[in-house]
Amino acid sequence: MPHYFDTAHREEIETLRQRLTARTEWPTWLLLVGVYAGWFSIVLGSHRLGLWWSTVLLIPLVVLWLSVQHELLHGHPTRWTSLNKILGYAPFAVWYPYTLYRDSHLLHHRDEDLTLPGRDPESRYLSAEQWQGSSLFKQSLHWLNKTVLGRFALGAPLALLALAREECQRLKAGERQAWLMWLSHGTLTLLMLLFIAHYSVLPVWHYLLLISVPALSIAMIRSYYEHRPRAEPEQRTVINEAAWPWRWLFLNLNLHLVHHDLPGLPWYDLPRAYRARREQWLTRMLERLGATRRNAEGLSLMDLWLSPYLLLTAQLAGLSRQSRGDQWRRLQQRHEPVASPTGAVAARGAVLRQCRYQRQPPRKPARVA
């Protein structure tokens with residue numbers, strides 16, 4: 001359900017929706033045509049481009065395709081679910097059927113369940129019971145997956161293993177919908193790979209392992225800091241004022257709180273809606289947390305390259321180095337590891353001990369997900 005700050009805000013958003021751009025959705029149509037044309041042009045022109053130039057061009061294009069599929073499942077560029085499904089069913093990214101992504105992502109938009117293990121299908125957190133029942137090896141993997149480098153290197157393989165485990169269970173249980181989905185997706189994927197093998201210089205294994213998997217790894221960076229466990233649902237989603245390459249690849253989903261509050265707003269209107277009420281969006285995200293603003297004014301992805309993110313590291317952004325150290329010591333003394341009422345692990349003190357201002361690794365992995 002959309003969230004508006006006040007009546008004037010509702011009117012502002014309605015004005016955006018009545019513009020010719022929003023009524024015709026020409027930016028999304030243009031994007032769709034561009035991705036399809038770009039993919040076929042690169043594949044068919046790979047003999048001239050060569051193997052590695054084709055690879056370099058296809059990886060970001062497949063990342064962009066994942067973002068386009070996200071727009072389609074949210075009702076753009078048409079309001080007809082079946083037509084959007086046809087437009088988005090091409091298996092350029094290989095691994096996830098469009099309908100699986102659509103159905104699980106729409107469940108993810110139940111904000112009251114955000115980040116809750118077992119209820120939010122896109123949650124990367126563990127319950128206290130899951131954490132305590134995990135081996136040291138699995139805990140280490142989860143710990144690494146909460147660093148930027150770990151998310152990039154391990155995020156895609158871990159996600160694909162989880163996908164295989166869950167979908168195999170559905171297939172073994174004889175779920176008709178799962179069988180139909182995977183048969184249709186598998187058939188289209190096979191036809192695409194045959195097309196690649198016949199008309200390009202790209203080996204099938206190369207496309208699978210060196211194009212689709214790296215594209216998924218880059219897409220994992222988008223979800224690295226979209227959500228966090230909090231008692232209040234409206235504070236479980238964040239805003240990252242990202243640089244332009246990320247904004248284009250992810251179609252402005254770095255403004256994730258705006259997207260969750262206004263899920264029907266198309267990608268090209270998210271920045272306009274954010275700029276018009278920037279201070280209110282930031283206040284909504286940060287109120288009662290005592291946190292300061294992230295990427296654009298301090299903490300960046302590089303700060304968390306080898307340090308796991310969970311909670312409160314953002315509180316140290318925007319301060320001088322000496323102030324950061326003082327603030328970190330105060331926070332470390334004040335916060336103890338806690339679990340949220342829903343069971344998602346918070347471990348505030350553990351994160352502070354792992355943030356970049358103390359580079360020694362912990363003796364054992366902290367409670368992360």
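Are H10 and H12 oblique or roughly parallel to each other? Before answering, I note that this is a predicted model.

Entry one, the helix pair. I looked up the axes of H10 (residues 148-172) and H12 (residues 204-222): they come within 8 Å and cross at roughly 120 degrees. Roughly perpendicular stops at 115 degrees and roughly antiparallel needs over 145, so H10 and H12 are oblique to each other. I also checked the hand, and H10 passes H12 in a right-handed crossing.

H10 brings Val 148, Arg 151, Phe 152, Gly 155, Ala 156, Ala 159 and Leu 160, while Val 213, Leu 216, Ser 217, Ile 218, Met 220 and Ile 221 come from H12. Sorted by type, I get 10 nonpolar, two polar and one charged.

Entry two, the cores. The largest nonpolar core has 50 residues. Trp 39, Leu 58, Val 68, Met 192, Ile 196 and Tyr 207 have the most contacts inside it. Which elements give two or more residues to this core? I find helix H3 (26-44), helix H5 (51-73), helix H7 (98-108), H10, helix H11 (176-199) and H12. H5 gives the largest share, 11 residues.

Setting aside its neighbours within four places in sequence, Val 68 is in contact with Leu 31, Leu 32, Val 35 and Leu 251.

Last item: another core lies apart from the largest one, with 21 residues, including Ile 13, Leu 262, Leu 265 and Met 285.

Definitions and conventions. Residues are numbered from 1 along each chain as its sequence is written. This is a predicted model: local features need pLDDT of at least 70, side-chain atom pairs count only at pLDDT 80 or more; totals for chains, interfaces and linings use all residues. Side-chain values use heavy atoms; hydrogens and water are left out. Axes are lines fitted to C-alpha atoms, for helices over the stretch in contact, and angles run from 0 to 180 degrees between N-to-C directions. Helices (H or I, at least four residues) and strands (E, at least two) are DSSP runs, numbered from the N terminus. Angles under 35 degrees count as roughly parallel, over 145 as roughly antiparallel, 65 to 115 as roughly perpendicular and the rest as oblique. A crossing is left-handed if the near helix is turned anticlockwise from the far one by less than a right angle, and right-handed if clockwise. Contact means heavy atoms within 4.5 Å. Ala, Val, Leu, Ile, Met, Phe, Trp, Tyr, Cys and Pro count as nonpolar, Asp, Glu, Lys and Arg as charged, and the others, Gly among them, as polar. A nonpolar core is a set of buried Ala, Val, Leu, Ile, Met, Phe, Trp, Tyr and Cys residues joined through side-chain atoms within 4.5 Å. Buried means under 20% relative accessible area, exposed over 50%, partly exposed in between (1.4 Å probe, protein chains only).
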